[in-house]
Amino acid sequence: MTNPTASSGRWPHYTLVLLSIVYVFNFIDRQILVILQESIKADMGLSDSQLGLMTGFTFAIFYVSAGIPIARWADRSNRRNIVSWAIAIWSGMTALSGLAQNFWQMLLARIGVGIGEAGGSPPAHSMISDIYPAHQRGTALAFYSAAIYVGIMVGYLVGGWVDQHYGWRIAFFVVGIPGLLVALLVRFSITEPARGQHDSAPVGESTSLRETLNTLKSMRSFVFLAVGSGLASFSSYGSGNFMPSFLFRSHGMEPADIGILLAFGAGIGGGIGAFFAGWFADRIGKENKRWYAWIACVGQILAIPLGLLALYSENMILIALGIGGTTFFGIWYLGPVLAMAQTLVKPNMRAMTSAILFFILNLIGLGGGPLIAGIMSDLLASSYGTESLRYSLTVMAFSSLAAAACFWMASKYLVEDLKRQGS
């Protein structure tokens with residue numbers, strides 16, 4: 001059911017908050033494996049390459065592959081119901097991960113999580129873009145994106161503590177089962193918004209994948225924004241997914257302590273950074289939309305020295321500051337990029353555009369980052385032993401330079417592409 005008045009009063013804010021809570025569970029369930037991976041590795045006798053395959057590449061392949069047909073469905077159907085089913089599926093598969101007895105069973109469970117999570121963000125991005133006008137989308141989508149780090153924070157805190165006191169299997173049940181209740185809340189407490197209610201252009205009929213791809217390929221700003229996002233996430237996923245293992249191996253920290261450090265370093269730093277960048281872009285980008293790309297570019301550059309501080313300092317306070325600062329600046333790209341991607345296209349292309357953006361972002365970042373980091377760590381282990389991760393993650397940090405270059409190039413074409421699309 002579509003309600004044209006769903007954008008009035010407090011309901012858009014309630015919808016945004018609830019969709020953000022869904023995204024919190026998305027990242028709790030996605031990242032819980034990261035804080036548990038040293039215990040799982042010891043229990044199942046896994047290599048770093050297998051961990052990278054399990055936390056990154058295999059998950060990403062199914063996540064991005066399922067995302068496009070689900071987004072096509074979302075551009076034609078009830079997005080609220082799709083989000084509700086999605087969280088129910090990925091939460092159930094997260095809980096089932098606690099029953100895995102070997103690498104292959106765990107891999108299958110994570111594939112299930114990936115397929116479920118593919119139905120979360122594209123419909124949510126489309127809904128948020130329909131309940132907020134263009135000049136507020138950066139802030140709204142940044143608020144939604146900040147949920148990534150709330151989810152990471154909760155996952156690290158709960159996962160690390162439960163793992164240390166009750167074991168990694170119980171941790172999967174603890175974070176998976178509550179998501180089923182959130183699925184019911186989504187289904188019965190929010191309303192499907194009217195498409196394009198804040199846009200001057202007519203909504204039109206749902207477009208095909210080919211038409212959407214052709215539209216996006218014709219806009220050089222989108223291409224650079226998408227590739228830049230992939231390279232930025234290559235660095236953040238590669239480093240982030242192995243940071244708990246690095247702290248355990250190189251600094252001898254216990255899982256609960258790692259969870260606390262990463263929760264308050266990466267969790268708070270990333271959450272504030274994600275919201276700030278979108279809010280700031282909306283404020284200073286009213287007259288010049290290039291600021292949406294420039295902010296993303298600056299964030300990637302500032303993240304590099306702080307990432308190196310986290311990897312090479314022996315002082316735990318400086319390590320925490322380095323982790324927090326890296327995530328604060330490193331996530332500056334997401335809210336502004338999402339806002340521009342949604343504004344560049346017509347309302348009936350938004351879910352599909354989000355899915356294509358996430359296809360590129362996650363294929364490069366989530367698919368490549370952890371896998372390459374794990375392979376490099378295994379290759380360097382014969383020379384550097386337990387310190388191999390330190391040098392592997394150093395290489396990952398410098399992909400941020402390439403991301404910054406892409407965002408700078410996107411700024412050169414953004415205004416022209418927005419005018420061409422009538423935005």
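Let me start with residue classes: Ala, Val, Leu, Ile, Met, Phe, Trp, Tyr, Cys and Pro count as nonpolar, Asp, Glu, Lys and Arg as charged, and the others, Gly among them, as polar. Next, the model.

This is a predicted model, where local features need pLDDT of at least 70, side-chain atom pairs count only at pLDDT 80 or more, and totals for chains, interfaces and linings use all residues. Residues are numbered from 1 along each chain as its sequence is written, and side-chain values use heavy atoms, without hydrogens or water.

Now, cavities. A cavity is a set of points, on a 1 Å grid over the protein atoms alone, where a 1.4 Å probe fits but cannot get out; lining residues have an atom within 4 Å of a point. Points are joined across faces, edges and corners, and volume is the space filled by probe spheres set on them.

How many cavities of 30 Å³ or more does the search find? Two, across the whole structure.

Helices here are DSSP runs (H or I, at least four residues), numbered from the N terminus. α10 gives the largest share of this lining, nine residues. Others supplying at least two include α1 (11-44), α6 (134-166) and α11 (255-284). By class, that lining has 23 nonpolar, 15 polar and one charged.

The second largest cavity holds about 50 Å³. Its lining is Y63, V64, G67, A118, P122, A355, F358 and F359. α2 (48-74) and α15 each give two or more of these. Seven are nonpolar, one is polar and none is charged.

Key
On a 1 Å grid over the protein atoms alone, a cavity is a set of points where a 1.4 Å probe fits but cannot get out, and a pocket is an open set with protein on both sides within 12 Å along at least five of seven lines; lining residues have an atom within 4 Å of a point.
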